[in-house]
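Subject: Structure handover

Hello,

Here is the structure we talked about. Please open it alongside this note; what I found follows below.

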Amino acid sequence: MNVLECKSLSKWYGDSAVLRDVDFELAQNEIHAIVGENGAGKSTLVKIISGLVPVDVGNVKFNGNDRTYSNIREIQNSGIALIHQEPRLFPDLSVLENVCVDYEAKVGTSRRFNWKKAEEQTKQLLSQLGCTFSVQTPVKALSVADQQMVDVVSALRKKLKLLIVDEPTASLTPAEVKRMFKTLRDLNNRGVAIIFIGHRLEEVLEISTRITILKDGEVVAVKKTSETTEHELIKLMVGRSLNISSRNSKISNSQTTLKIKNLVSPGYVDNISFEVKSGEILGIGGLVGAGRSELLETIFGLRKRTHGDVLSLSQGKIKKVKQAISAGIVLVPEDRAHNGLFLNRSIIENLAITNLNLTSSGGKRNFRKENKIGRELIDKFRIKLLSSAQLARELSGGNQQKVSLAKWLKQEVKILLIDEPSRGVDVGSKSEIHQFLNDSAQQGMSIIMVSSDMRELIELSHRILVMRNGRIAGELSGSDISEESVLRLASGVTSTGRAN
Amino acid sequence: MQLNLNSKASILFRKREFGIFVFILILLLVFGSLEPRFFRSDNMSAILSSVGILMVVGAGQTLVIVTRNIDLSVGSTLGVSAMVMGMIARENQDFPIVGLIVISMVVGGICGLLNGLLVSYGKIPAIIATLGTLAVFRGVVFLVSDNVQIDPNDVPQGIISLSTTSPFRIPWLLIFAFFSITLVWYISSKTLFGKRIYAVGSNPEGAVSRGLSFNKLTIFVFIFVGVLAGLGGVLYTARYATINPADVGRGLEFEVISAVVIGGTNIFGGSGTALGTALGCILIGILSNGLTVVGVSPFWKACATGFLILVAVTIDNLVRKRQEEKFLLAIRNQRVVK
């Protein structure tokens, strides 16, 4: 039986169609994946299904009934829940309060909410999902993975029939992904239909039973998971086949460009030392919370350090961000929306901000020069936009990432610190970014890359440092590099049992 | 282990309130040693009366700030309510006291409703909307009163006695203050509705996607603070027995918002407690009275008040940031150990 039937849905934003005549069906017992490049319309489709966005043309049939209402609350009460990549929670409230906040007291019963009962139910649901944190913990103290579990539990408190998860695994560690998948399968077995949106195809193939491929707002194909392959999916999504980049050849004995000595930032980075060579891509692996992003931030001078030195070949000791930039050390941060871009400024301005030495004179901006440089970078990185006056907020994830990276490249970048280069980025942009990283390294740039995407980490890095609890748990290079070896170091498990 | 964590969390939040408490003690000590008259009972009751009025309005303001809004118009709202009530009392000497109180609160509620509509459906940022109504309501005070003040002999004795007596030996004014603070405590910690108010302040977009009505909650908190400002108008009249169009409630927003912020309510929304606000009001009340009593010139007083508030908030920020970091770190480490 189909829980959900969408017939010829179309949606326009202004003149551009985001969805064109999309049909979508979902059976109760399936985990249905939707894949496509950024901007293909996946998020819009699920937003329509979950009632966050009204549809322009077409209709949605849920549970056999035409859905005419558009009140979010009503839709949620009918059993549809959407879980975002970034959990939509209330950081100041406790787990319990987060779960209960939209609970409706039944009419006729006393209006006092029974916190005791709610706490019991919540505890029970959490333990079913294998969560061990206390319901009184403030949500801001939880990891992203645990926050997602809180989000799932919030949905489960109602009679859930359809759960939509939008890129749930983007910032999860492999172990957390496993837990998430187990949760999804359990729910599915209990009769909850699931729509799964994902960028990592190997995960999509693992979890789903059917896959809908979207491209430019249209359904290209619907495939049974057992009858398709990663290659075919990519081909369908992109319309051309991409060559997945292969491991770099060994770098020759080039010069050391950056030395890190005994770096300490309390609570995050604990006595870390290493060196990077020119032309080398140094991967940094580890679990979320191991201190990887914090390490990059400490090197860049953003984070207070109590001990240790960062030495650049050209400029000596680096202490502040300004010194780092003038030594050619730049950071492309993980949270591009907040730290990498000015969302409410135009793309040109976002590209110009790091190049003011080239585009301004005597403290005055030169718009012609800004435009020229901006255009160059936009062309070089194939940033897709409607107009260069478009705001950064309006770009898709992949294009935002390109802007966040491209803004540095008019400067002489010697050392690129890049944090999760392909988080929330579509396959097309991802491969372009990878290509760029490889090319830049070949031309002598040193790259320090933090990534939770195991494949990216393994394929791009010449050498991998694995972090655990703020320390370097181990270094891998050459043939030692494998998914298993990274994981083992990251989680602290050795062949004889637990380490430390 | 989890119990331990909870107690850590609650200690963290209590520590802040303890800090304000210590600051209050220091102020008492300093003012008392500089000027022994400070501790005389008439001065103490003067402090309590002004603290009471602050608490009533501050209780409402706490919820407004928790939703990421702010109400700058509380002083003028208090003024309008007091003036309307005073004029009715002047015309009808026999009007029942309870009726006067209700009228004042209703007028305040209407002012609040207007603010709420401007902010929710009008989509005007609260700081601008209430800046506008701050001036508008003050203008209304002048218009309705024709710039004639209500004199003490026109204010019913029943209203005046609210600041001095009650059947319970504590003045009604303080009972109202206690009630307001308790009400906000109850709403914020015991009811789902209160949690929604905090949720909206903590993550407005998240609140909408969970089906919480942003507009409804916003309008509610503005009406709530308006009603309490109306009650504040009654208490103001009880205390001063005079309603001067230019003076009534003027500058109250400064003291109230200072008290709420010192009390630990996050100006960016999402957190804040009634107890903190109560302590903040006590601190502001003592500070303002003490500076006058020890003979600081009025010209210096404003400066000194502002300065001390900045010092208090700065110290608190520095201390709290460190504590919060430690707390989060403790949780992280605990999780790693697991």
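Two strands count as paired if DSSP finds at least two bridges between them. Keep in mind that this is a predicted model.

By that rule, strand S3 (residues 31-35) of chain A and strand S8 (residues 193-197) of chain A are paired. They run in the parallel sense, over four bridges. Ile31(A) stands opposite Ile194(A) in S8(A).

Both strands belong to an open sheet of six in chain A. The order is S6-S7-S8-S3-S9-S10, with mixed pairing. Strand S6 (80-83) and strand S10 (218-224) of chain A are at the edges. Each has a single partner strand, so one side of each has no neighbour in the sheet. From one strand to the next, the twist averages 15°.

Two helices of chain A to look at next. Helix H1 (residues 42-49) of chain A packs on the sheet. H1(A) touches S3, S6, strand S7 (162-166), S8 and strand S9 (210-215) of chain A. Its direction makes about 150° with that of S7(A). Helix H6 (residues 174-189) of chain A also packs on the sheet, touching S3, S7 and S8 of chain A. The direction of H6(A) makes about 150° with that of S8(A).

Now the contact between the chains. Chain B gives 26 residues and chain A gives 25 residues. On the chain B side, helix H1 (2-34), helix H8 (192-202), helix H9 (204-209) and helix H13 (298-337) of chain B each give two or more residues. H8(B) has the largest share, six residues. By class, this side of chain B has ten nonpolar, ten polar and six charged residues.

Best wishes

Terms used. Residues are numbered from 1 along each chain as its sequence is written. Chains are lettered from A and ligands numbered from 1 in the order in which they are written. This is a predicted model: local features need pLDDT of at least 70, side-chain atom pairs count only at pLDDT 80 or more; totals for chains, interfaces and linings use all residues. Axes are lines fitted to C-alpha atoms, for helices over the stretch in contact, and angles run from 0 to 180 degrees between N-to-C directions. Two residues are in contact if their C-beta atoms, placed from the backbone, lie within 7 Å. Ala, Val, Leu, Ile, Met, Phe, Trp, Tyr, Cys and Pro count as nonpolar, Asp, Glu, Lys and Arg as charged, and the others, Gly among them, as polar.
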